[in-house]
Amino acid sequence: MSDPTIQTFCCHHTGNKEDLAIRIMDEFNTESYNIVCLVSSSIGILGSMYQIFPRRIPSFFQRWHSLSSKRGRHIIIWLAVADLFASLGVLVRSSLWLQYKNIMPMPNDDVSVLFCSIISAWTQYFYTATWFWTLFYAIDIWHSIKGHESYPVLYHSLAWGIPAVTTSIGLSILYIPNARCHNIKSVSTAFLRILPNYCATYLPIAIVMVVNPVIYLLASKKIEMAVALPLAQFTSKERRVVDTLRLKFFLINAVFYICWLPNLVNGILVWTMWFNMPVKVIIIIWYIMAFLNPMQALLNALVYRKWAPIESKFSPTLVNLQKDFSFHDEQSPLLGSEPPRLPMSPIPPAINNYATL
């Protein structure tokens, strides 16, 4: 999982029972926690691999599939790659913690501190990358609907570059120079030493939670107008297309909220109840995060991946709608002739590739 509170466990501890970290560890069953991490990260790895490796497409769908853009698929693959490496980081960390029974390094255990900080940085980096790929997927859908080109080079630069900056800054302030972040006495020092890593973690999550629903809402309205406006009607056929895409967008948002909302709740509790920490509540949230964070890869495979048997029900609709709405100069038997109707804004080919259902 990706959580700044767990990352502080990589610091040297003093052994003082008054330290918050020590009090939490006294009530924390590390073995069961690591087992949950192992199971969820293994499932996440399988989900990522399912996304990355292509499947054979039945011949019935090959023609329709060849018409759809690959721009959405490109983003989905890199989202899955980031999920894969993040889940691998969780898997390795939990395996070694189970083996050596030592989550918090001893006061002079520099090797454990180094290992823990590297794995934490690895996991944090790739999970941050998944958040930005999720954001760019929504942005690319909007660009596709507007008829704009995709910007894969820009997406890669930002999706891999920004996490590198935020992760390095947040963890460097936390660990450098001596990896001692448990014996902080003043609130101002805690703000300067610990808060930057929390901001580097939670701000990207909050941005995606706010921006993505807005983009998908605007995209749904744009698609609805593109489908209904040319003939000034909205039959069951058009409704089926729009509802399918709305369901698609809703599921994408729901998966992200389910997987990462517990992290935000944890951060709010930590900083609003710093001097009266509800230890048992925090531990319960950690278990939820340990299960849900790596499960993002599997849930993404369900909402992003094409389901050919179900697509057969809807893919002809996307194509037939374009054919049905191509009568721009038809004659009216009652009015003789009528001015050309508004040309339909074509359903972007990339949307076909984005459609899951």
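This is a predicted model: local features need pLDDT of at least 70, side-chain atom pairs count only at pLDDT 80 or more; totals for chains, interfaces and linings use all residues.

Me: OK, and how many helices and strands are in the chain?
Reply: There are 13 helices and zero strands. Along the sequence, the pattern reads α-α-α-α-α-α-α-α-α-α-α-α-α.

Me: What share of the residues counts as buried?
Reply: 49% of the 357 residues in the chain. The accessible surface is about 16,800 Å², and carbon and sulfur atoms hold 69% of that.

Me: Let's switch to H6. How many residues does H6 have, and what does it reach from first C-alpha to last?
Reply: H6 covers residues 110–145, so to speak a run of 36 residues, and it reaches 53 Å. That is close to the 52 Å expected at 1.5 Å a residue.

Me: Why is H6 called largely enclosed by the rest of the structure?
Reply: Because 26 of its 36 residues are buried.

Me: And what follows H6?
Reply: Gly-147, with a positive phi near 80 degrees.

Me: New topic: His-156. Which helix does His-156 lie in?
Reply: His-156 is in helix H7, which runs over residues 152–175.

Me: Buried or exposed?
Reply: His-156 has 19% relative accessibility, so it counts as buried. The cut-off for buried is under 20%.

Me: Which side chains have polar contacts with the His-156 side chain?
Reply: His-74 is one, at 3.0 Å. Trp-78 is another, at 3.3 Å.

Me: What else does His-156 touch?
Reply: Leaving out residues up to four places away in sequence, His-156 touches Trp-133 and Gly-161 as well as His-74 and Trp-78.

Me: Now the cavities. How many are there of 30 Å³ or more?
Reply: The count comes to two.

Me: Which residues line the second largest cavity?
Reply: The lining is made of Thr-134, Ile-252, Val-255, Phe-256, Gln-296, Asn-300, Val-303 and Tyr-304. Helix H10 (236–272) and helix H11 (279–304) are the elements that give two or more residues to it.

Me: Which of the elements gives the most to that lining?
Reply: H11, with four residues.

Conventions
Residues are numbered from 1 along each chain as its sequence is written. Side-chain values use heavy atoms; hydrogens and water are left out. The expected span of a helix is 1.5 Å times one less than its number of residues. Buried means under 20% relative accessible area, exposed over 50%, partly exposed in between (1.4 Å probe, protein chains only). A polar contact is a pair of N or O atoms within 3.5 Å; within protein, one must be able to donate a hydrogen and the other to accept it, and residues adjacent in sequence count only if both atoms are side-chain atoms. Contact means heavy atoms within 4.5 Å. Accessible areas come from the Shrake-Rupley method with a 1.4 Å probe; for residues, only the protein chains shown count as cover. On a 1 Å grid over the protein atoms alone, a cavity is a set of points where a 1.4 Å probe fits but cannot get out, and a pocket is an open set with protein on both sides within 12 Å along at least five of seven lines; lining residues have an atom within 4 Å of a point. Grid points are joined across faces, edges and corners, and a volume is the space filled by probe spheres set on the points.
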